[in-house]
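I wrote down each thing as I looked it up.

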Amino acid sequence: MPKHTSQRQLFESQPAWVEDDARRGTVATVVLPDGVDKPLDYLVPESLAGAVEPGRRVRVPLGRGNRERIAYCVAVRSGELPQHPLKSVAGVEDDAPLLSRRMLDLTKWMADRWLARWGEVLEAVLPAGVRLSRKPRMTTLLMATGAEPARRLNPAQAAVLAAATDPRSAEDLARESGASRAVVARLVKVGLLREAGAVERSVGGGDARRPISHERPDQLSPAQARALEAIVSAVRAGRHETVVLFGVTGSGKTEVYLQAVEETLAAGKQAIVLVPEISLTPQTCDRFRARFGSVAVLHSHLTPAERHDQWREIAAGRVGVVVGARSAIFAPTPRLGLIVIDEEHENSFKQATAPRYHARDVAEWIARAEGVPLVLGSATPSLETFSHCLQGTWKMCRLADRVGGSQLPAVITVDLRDPKSRSRGSVSPRLAAGINWALDGGGQVMLLLNRRGFATQVQCRSCGHAVRCPQCDLALTLHQPGNRGICHGCGLVNRVPADCPECRAPKLAQRGTGTQRLEEEIRRLFPGTRVARMDTDTMQSRGSHERTLDAFRAREIDILVGTQMIAKGLDFPSVMLVGVVNADAALHLADFRAAERTCQLVTQVSGRSGRGPLGGRVVVQTSTPDHPALSAAAKHDYEAFVRSELPIRETLLYPPFGSIVRIVVRSVDEQAAANWAGHITDRLRKEVALLAAAASGSGSAEPKIRVLGPAPAPITRLRDRFRWHLQVQGPDGDILRDVVRRATATLQTPDNVAWIIDVDPVEML
Ligand code: ADP
Ligand code: ZN
């Protein structure tokens, strides 16, 4: 037996006289949302026994001043009390647990998995409305008093009273009688309606079991049927399995999700469907709403109170389907039967602020714990997902063909290095010909350019100086009208000077084309066509996104210019041409996923073309047509890209073959940032050396851990903070996290620096 075990046993088997003397009681372990990292123990006083339980929040005295703080109770145990004195819990905050045992386990796992603080994870999984308002919002019910009206009732008033024979909400009364809410209010005022109780305000509603049939196809294709069967058999058996739907755009993946959800509801269970971003996927959300009676769509425009209402409805089991972005995975479904993640390769499933979790991994954990299937759908699965399938841990179902037999569009690659393909602007002769072909054929056009603004750089022709943001290390993007230089890092707006700020020469040139300039160029080249632009600049107001898409669908727009916003999930049968104006834009970023992203983006946007009977084409403009990411996208052979990319990742031990922990240090003082990054790096190298020594001592294999850096981050300055970063890489994520934990455990961070840990980052800038 190893020595340390026997030692611990010595301490555990205490002499009898200690037990006689021991005080017994109940101890609660609590986690603070911020400030203190470690879980703390408190005594539960007799008066609060039973009220303190895991998942509820409590008030506890903290520090020398015993200031009361709200904390999450994560465990309660009764028995012998420790020798050292414990402070007592001061009060209980919630009437019932906010978090189930499972959610507590999940949040603990998340904290370990992404090196986050447990407290901040607990805060992140509960919507603000749930934490703030603890009482449900109530709706007052009204009923007719039966009193004699003082005056003759008008028809609207009579209709309201006729509907008010039993308690109803004002809203229901107005809707049923066709009268306005003002009429109802008036009747209350004159004493003809009275309050008759209150109910919890309900949202959504409807019969969770009854699907509304809406454009539901009579028959699934054989490939769809196989995929559905794989999912549904797991739903019925209550068995966990991860099923990857690898299907080209338009192959009927969404239809498979819909029917899988239908079966889930029929089995009396609930489903969670994650989409990359609600506002970018209006069509997907509409299809779920149209087909099912009770859908909770969790979008970012909900107020905290609305969010809280949705949460209650879901928790009460009154909502069958939850559709939402990343955080909808934490919806408190009591009868979960299925989780779907659409466009699983999207980066937005990773949270960019602490806790930096990935919803795909969280979903896997939940699906496994609940014994339910997880469905991941994409035309371009992430390499992480792909390699799970290649290893056989996840099941891949392919949907190789488009529904209805329409062909994937032919892709024409335009080599911008070839002088014949050049033009004065950013539209090559081949692309212009393609646009004319589509317009002449009665079709529509989508043009992708993943840079907003007018010119991406303002540079002096005389001295070469490029105008930069005063507080970031980024070139200002010129936006028109108004000659505004906007920093895409911090949003700062500056007037762009007429002369070079460096050499005073009046020779500032506007270089690089953004969507604004492209729109202008298109209007000039194709006079008489109706052109619209979709990027975050034009889509500021609420609903503008839907309005533009509706106009495009109604064929009030011929050419739609946009950023990656237009690449996702849209199904417009009249689009005959998709143009990728600059496929290289994202290819050369300092990020090991640059190629994967580019291949995904070009494949996704190409999939918008040729969905209808008119057929379609794609024109891709690039200076690197032979790059595997682009040649694969041009052949609609995403898998060819995967095959070329995986060995590269394997050699470098990049995900999916290893884990990465990235640490970013920020400071107003460049030297302080560099020093602190250096200090952390030294600590990490020491830990790695210790590990290697231990391994060689015991004769086991050396842990292949690399520490890279410190170095200035690709964006070296942002919002007046200098940024340095470093990376630790290794084949085993658990070992890597242990190394980082040990190296950073006792760090005393100086006041003028801040730093973050990002485990398995999707963003390296
Ligand atoms: P994806 O999600 O893979 O892009 P969709 O599920 O949106 O594909 O399907 C593309 C189009 O084909 C949609 O208009 C959908 O209603 C239709 N569709 C899907 N499955 C079938 C089917 N089995 N029979 C007829 N039409 C179908
Ligand atoms: Zn800036």
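**Entry 1: the ligand shell**

How many nonpolar, polar and charged residues does the shell around ligand 1 have, by class? I sorted them and got 4 nonpolar, 7 polar and 6 charged residues. I note here that this is a predicted model.

In total, 17 residues surround ligand 1. I listed the closest as Q219, G250, K253, T254 and R287. I then asked which element gives the largest share of the shell. That is helix 10, residues 253-266, with 3 residues.

Next I looked up polar atoms next to ligand oxygens. In the side chain of T254, an N or O atom is 2.5 Å from an oxygen atom of ligand 1. For E255 I found a backbone contact instead: a polar backbone atom is 3.0 Å from an oxygen atom of the ligand. D571 brings a polar side-chain atom to 3.5 Å from an oxygen atom of ligand 1. I also looked up the cover: on its own, ligand 1 has 550 Å² of accessible area, and the protein covers 76% of this.

**Entry 2: helix 7**

I went through helix 7, residues 170-177, and asked which residues are buried. They are A170, L173, A174 and S177. I looked down the helix axis to see how they are arranged: the buried residues fall within an arc of 95 degrees, so they line one face of helix 7. E171 and R175, on the other side of the helix, are exposed. After helix 7 comes G178, which has a positive phi near 80 degrees.

**Entry 3: cis peptide bonds**

I looked up two cis peptide bonds. One joins P655 and P656, with omega at about 5 degrees. I placed P656 in the loop between helix 20 (638-652) and strand 27 (659-667). Another cis bond joins G709 and P710, and its omega is about 5 degrees. P710 sits in strand 28, which runs over residues 706-718.

**Entry 4: positive phi outside glycine**

R504 is not a glycine, yet its phi is positive, about 70 degrees. I found R504 in the loop between strand 21 (493-495) and strand 22 (508-513). Is R504 buried or exposed? Its relative accessible area is 60%, and R504 is therefore exposed.

H636 is another residue other than glycine with a positive phi, here near 55 degrees. The loop that holds H636 lies between helix 19 (628-634) and helix 20. I read a relative accessible area of 27% for H636, which makes the residue partly exposed.

**Entry 5: cysteines**

How many disulfides does the structure hold? I counted 0 disulfides. I checked C503 and found it in no disulfide, with the nearest cysteine sulfur, that of C460, at 3.7 Å. C503 is partly exposed, at 33% relative accessibility.

C599 is in no disulfide either; the nearest cysteine sulfur belongs to C389 and is 17 Å away. I looked up the accessibility of C599 and got a relative accessible area of 0%, so this cysteine is buried.

**Entry 6: A325**

Where is A325 found? I located A325 in the loop between strand 12 (321-324) and strand 13 (336-342). A325 has 24% relative accessibility and counts as partly exposed. I then took the pair A325 and I278: 47 residues separate them in sequence, while their C-alpha atoms are 6.3 Å apart in space.

**Entry 7: E384**

I ended with E384, a residue of helix 14 (residues 383-391). With a relative accessible area of 17%, E384 is buried; the cut-off for buried is under 20%. Which side chain makes a polar contact with that of E384? I found R593, whose side chain is joined to the side chain of E384 by a polar contact of 3.0 Å.

Methods. Residues numbered from 1 in each chain as written. Chains lettered and ligands numbered in written order. Heavy atoms only, no water. Near = heavy atom within 4 Å. Polar contact = N/O pair within 3.5 Å; in protein donor to acceptor, adjacent residues only side chain to side chain. Areas by Shrake-Rupley, 256 points an atom, 1.4 Å probe, with all protein chains shown as cover. Helix = DSSP H or I, 4+ residues; strand = E, 2+ residues; numbered from the N terminus. Nonpolar A, V, L, I, M, F, W, Y, C, P; charged D, E, K, R; others polar. Buried < 20%, exposed > 50% of the residue type's maximum accessible area, 1.4 Å probe, protein only. Arc of directions from axis to C-beta. Disulfide = S-S within 2.5 Å.
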